Amino acid sequence: MKKYILALITVSLFNMTNAQETVVIPNSADTRVITTGVPFLLIASDARAAGMGDVGVATSADANSQQWNPAKYAFSLSKSGIGVNYTPYLSRLVNDIFLGNFTYFNRLNERSAFGVSFKYFSLGEIEIVQDEFSEALIEQPNELTFDASYSLRLADQFSMAVALRYLRSDLRIQAVDANAAAASSIGVDIAGYYQSEEEAYDSFNGRWRGGFAIQNLGPKIKYDDGGRENFLPTTLRLGGGFDFIFDDYNKLAVTAEVTKLLVPSPPELGTRIEYNESGETPGFQEDEDEVLTEEENYIIAGQDNNVGFGKGIFQSFGDAPGGFSEELREFTWSLGAEYTYQDSFAFRAGYFNESEDKGARKFFALGAGFKYTTINIDLSYLFSASKVQSPLENTLRFSLVFNFGDNEYDEY
């Protein structure tokens with residue numbers, strides 16, 4: 001018995017003198033914001049949606065539905081249309097950064113339609129001066145997309161659409177890196193839209209609307225062979241709304257929308273240090289800790305986000321380091337309203353909200369629209385409600401829409 005006790009004491013003393021301990025030090029610079037490539041795709045390019053707080057997946061059909069939900073084209077009252085949009089960006093600092101968008105759609109028949117769109121984001125001119133004797137070099141980085149969609153009415157009140165998008169991001173600065181090249185990728189959208197028949201209520205008529213869209217499904221975008229691959233801004237949009245039709249002249253449309261990036265959350269990282277608490281280790285002073293291993297970028301919480309775009313979509317629903325509560329904070333939501341009088345004048349208002357630790361975009365929006373024969377003119381204005389200033393704050397956005405064959409498909 002004494003031998004067993006002596007052996008136990010010997011092992012305990014050995015473990016105490018050769019004890020190992022692991023410490024993980026969190027990185028204070030960690031951020032929870034999800035970043036993607038070509039983020040300009042998330043900017044509302046048309047003034048109508050912008051005036052309602054970036055609401056567009058479940059609003060009524062218009063020429064600019066391509067960005068939000070091309071399935072709405074199957075419910076357009078017009079035979080065809082053209083949308084031209086202009087959005088100044090960082091207008092309080094510079095005057096040559098802007099987002100431009102051109103869209104065309106056509107209803108082929110009562111059940112199907114197609115649309116095409118071209119979007120261009122200019123980052124202005126960058127002047128590069130190497131030294132006082134060299135001539136200044138001018139670079140003009142830009143990004144663009146071209147897409148085409150087809151929508152089909154599967155039932156009297158429901159339609160679906162698919163869209164294919166080509167993306168090109170030319171942010172290269174050849175004066176700095178002669179081997180830099182433009183990056184490109186492709187993306188696919190899948191969308192659906194529901195619009196009920198007009199129903200009679202006590203003092204007004206009404207119509208329900210609903211829509212969904214999964215946008216920018218596609219492989220990562222990469223700028224060079226040694227660079228990092230960036231996820232596309234794959235986005236899930238869900239929305240619903242109701243039209244209050246008071247009479248032939250007055251209508252109020254109310255819409256709500258939630259969105260989520262289907263991109264993996266960045267994990268919480270830290271430095272993992274394993275050391276030996278030995279006071280008599282050669283080369284160390286007494287009571288000094290001997291470092292055995294040191295691992296940087298160690299994942300403390302969450303999951304590794306260096307995965308393919310397909311796996312990243314499913315991973316994005318359950319990989320937030322903060323658990324379910326943080327997953328909920330990754331959703332943005334917006335509310336919008338549009339009042340129209342005689343289908344000739346429209347007044348719009350909306351609010352957009354994003355969590356503080358996910359980007360902190362919060363803003364109110366106002367907008368107005370005017371219709372003269374076949375031409376619609378729309379304007380919108382943004383008021384930031386966040387501590388983080390929006391690059392679109394105090395910016396007027398303009399849209400010009402031409403409708404052809406107006407009310408040719410007036411089915412209600």
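In this predicted model, S14, S15, strand S20 (362–372) and S21 each contribute at least two residues to the lining of the second largest pocket. The greatest share comes from S15, which gives 3 residues. The volume of the second largest pocket is about 890 Å³. Its lining comprises 37 residues, and Pro39, Leu42, Phe352, Glu354 and Arg361 are the closest to the pocket centre. Sorted by class, the lining of the second largest pocket holds 18 nonpolar, 10 polar and 9 charged residues.

**Enclosed cavities**

The search of the whole structure returns 2 cavities of 30 Å³ or more. The largest cavity contains about 160 Å³ of space. Its lining is made up of 17 residues, and those nearest the centre are Leu41, Gln67, Lys119, Arg165 and Gln215. At least two lining residues of the largest cavity come from each of helix H3 (65–68), strand S3 (98–107), strand S4 (112–122), strand S7 (142–155), strand S11 (205–217) and strand S14 (235–245). By class, the lining of the largest cavity has 2 nonpolar, 10 polar and 5 charged residues.

The second largest cavity has a volume of about 40 Å³. Asp46, Arg48, Ala49, Met52, Val55, Gly56, Thr59, Asp62, Trp68 and Lys72 line the second largest cavity. These lining residues divide into 4 nonpolar, 2 polar and 4 charged.

**Salt bridges**

Side chains of opposite charge can pair when their charged atoms come close. The count for this model is 17 salt bridges, and three of them are set out below.

| Salt bridge | Closest N to O distance |
|---|---|
| Glu257 and Arg237 | 3.2 Å |
| Asp378 and Arg348 | 3.1 Å |

In the salt bridge between Glu257 and Arg237, the closest N and O atoms are 3.2 Å apart. This pair links distant parts of the chain, with Glu257 in strand S15 (residues 250–261) and Arg237 in strand S14, 20 residues apart. Glu257 counts as buried because its relative accessibility is 2%, under the limit of 20%. Arg237 also counts as buried, because its relative accessibility is 8%.

Asp378 is buried, as is Arg348. Through salt bridges that share partners, Arg48, Asp62, Glu338, Arg348 and Asp378 are joined into one network. Arg48 and Asp62 are also among the residues that line the second largest cavity.

Strand S22 (residues 396–404) has a covered face formed by Arg397, Ser399, Val401 and Asn403. Its uncovered face carries Leu396, Phe398, Leu400, Phe402 and Phe404.

Strand S22 pairs with two strands described here. Strand S2 (residues 80–88) and S22 run antiparallel and are paired over 7 bridges. Within S22, Val401 is the bridge partner of Gly83, and Val401 belongs to the covered face. Strand S21 (residues 375–384) is likewise antiparallel to S22, with 7 bridges between them. Phe402 in S22 is the bridge partner of Ile375, and Phe402 belongs to the uncovered face.

**The surroundings of Gly312**

Gly312 is located in helix H4 (residues 309–315). Gly312 counts as buried because its relative accessible area is 0%. Leaving aside residues up to four places away in sequence, Gly312 touches Leu262, Val263, Pro264 and Val307. The C-alpha atoms of Gly312 and Phe231 are separated by 8.8 Å, although the two residues are 81 residues apart along the chain.

Key
Residues are numbered from 1 along each chain as its sequence is written. This is a predicted model: local features need pLDDT of at least 70, side-chain atom pairs count only at pLDDT 80 or more; totals for chains, interfaces and linings use all residues. Side-chain values use heavy atoms; hydrogens and water are left out. On a 1 Å grid over the protein atoms alone, a cavity is a set of points where a 1.4 Å probe fits but cannot get out, and a pocket is an open set with protein on both sides within 12 Å along at least five of seven lines; lining residues have an atom within 4 Å of a point. Grid points are joined across faces, edges and corners, and a volume is the space filled by probe spheres set on the points. Helices (H or I, at least four residues) and strands (E, at least two) are DSSP runs, numbered from the N terminus. Ala, Val, Leu, Ile, Met, Phe, Trp, Tyr, Cys and Pro count as nonpolar, Asp, Glu, Lys and Arg as charged, and the others, Gly among them, as polar. Buried means under 20% relative accessible area, exposed over 50%, partly exposed in between (1.4 Å probe, protein chains only). Two strands pair if DSSP finds at least two bridges between them. A salt bridge is a side-chain nitrogen of Lys or Arg within 4 Å of a carboxyl oxygen of Asp or Glu. Contact means heavy atoms within 4.5 Å.
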